[in-house]
Amino acid sequence: MRYMFTYDMMETARNTNEWLGATARAMASYPAFALSMNPVLPMMAAWGEVTERTFGRMVAKPDWGIRSIVGPDGTDHLVDVKTVVERPFGNLVQFFVRRRAPMARKILLVAPMSGHYATLLRSTVASLLPDADVFVTDWHNARDIPVSAGKFDVEDYTLYLVDFMRALGPDTHIIAVCQPAPLTLAATAYLAGEDPEAQPRSLTLIGGPIDPDAAATDVTDFGRRVTMGQLEQTAIQRVGFKYKGAGRLVYPGLLQLQSFMSMNAERHSKAFAEQIMRVARGEASDHDAHNRFYDEYLAVMDMTAEFYLSTVERIFKNREIARNEFTVAGKRVDIGAITQVAVKTVEGANDDISAPGQCIAALKLLTGLPEEKKASHLEPGAGHYGIFAGKSWRLNIRPLVLNFIDANSGEPRPKKAKISLAASQ
């Protein structure tokens, strides 16, 4: 219960700050104060507006906000987000473009489960949508999943990916961004061993920790420095009574956000101070650069405790993927079993989360894959977010990835006819 109390206290502090911001904004905006020349009042209102929005966004799931795209004929095509596979811990969703025939390219974007919602890939989806049918793994906030739904760890995550790949069929191209890169590689290897005909055409791994020891970062240093016992005692809490997942052990999104912010505390403090001044001068807007970034950055979700702890222990500490010793449901997953799926790695030269060397390590594990089906790219001057959502992605990486997909599309693979048990008897 003390962990549940801690979770509720953290939410209480967030809620209180949101309320203080709303109160300050409302009090300083009274018409009676309009004739006052006191500069404190507009500053107080500006501080309140920024504070209310900041703390309110921490518990709200952002909207995808992709309403339409322009087709090749110059007309607008409305976009619907449709659920293809529904599961307790995450859905497979499609960005369905109305009045458009199925595209030659079919892409599955595997979104990170590292504290942010899948909407972190909004700009990535929007950039790919005009040229491909796009599907995304939409992971759920653990605080909203009842305890009765059971556990969810790295093995369950891998099996979810396996099921999603099977649902989309063998003519799919996978793009895994950051955290899911090693588990997506494992899911592909699992299919290579268990169901070869369901393997995707290509796999693009972007900035993922395939081998965390290949290049040290603050993230890998933390994983080495902290013991699993310390991590469980300091980071794991029980969801409070406010949410459907009451009692579930989680790694709270608010704790993860604190870690994110502390990595660049000075830069974030400066950004918020400047935003308060812009609001006070009347120069800010609802969708200005600051709000566009922080509305997404501050929106965090809880991860199940077993997923967070097993990720740290098995992917970072024990390096099971890097050592090709990962197991799923008691079976070893051999990365070397991948012999047909073309694999490309993408890294950013200035990535301080998954440093160069961590992702390209995947190619060494692919001992059964011909060299002509392997590719890699190191983007000069690009940081972690830039390689999938920034300028580097838009101008350089996206065209390279689409060319890689086209080069490994080939003819549609024949589908084996399914024989029902009743028909075979």
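Hi everyone. Two strands count as paired if DSSP finds at least two bridges between them, and strands here are DSSP runs of E, at least two residues, just as helices are runs of H or I, at least four residues, numbered from the N terminus. β1 and strand β2 (residues 76–85) run antiparallel and are joined by three bridges. Among the residues involved, I69 has H77 in β2 as its bridge partner.

A quick word on the model: it is predicted, with local features needing pLDDT of at least 70 and side-chain atom pairs pLDDT 80 or more, while totals for chains, interfaces and linings use all residues. Residues are numbered from 1 along each chain as its sequence is written, and side-chain values use heavy atoms, leaving out hydrogens and water.

Back to the sheet. It is open, has nine strands with mixed pairing, and its order is β1-β2-β3-β5-β4-β6-β7-β13-β14. At the edges sit β1 (68–70) and β14 (374–379), each pairing on one side only.

Now to the helices. The axes of α9 (residues 265–280) and α10 (residues 289–297) come within 11 Å and cross at roughly 130°; axes are lines fitted to C-alpha atoms, for helices over the stretch in contact, and angles run from 0 to 180 degrees between N-to-C directions. Contact means heavy atoms within 4.5 Å. On the α9 side, the contact is made by H268, A271, F272, Q275 and R278, and on the α10 side by H290, N291, Y294 and Y297.

Finally, A32 is in the loop between α1 (2–27) and α2 (40–57). A32 counts as exposed because its relative accessibility is 70%, and exposed means over 50% relative accessible area (1.4 Å probe, protein chains only). Thanks, all!

Methods: Buried < 20%, exposed > 50% of the residue type's maximum accessible area, 1.4 Å probe, protein only.
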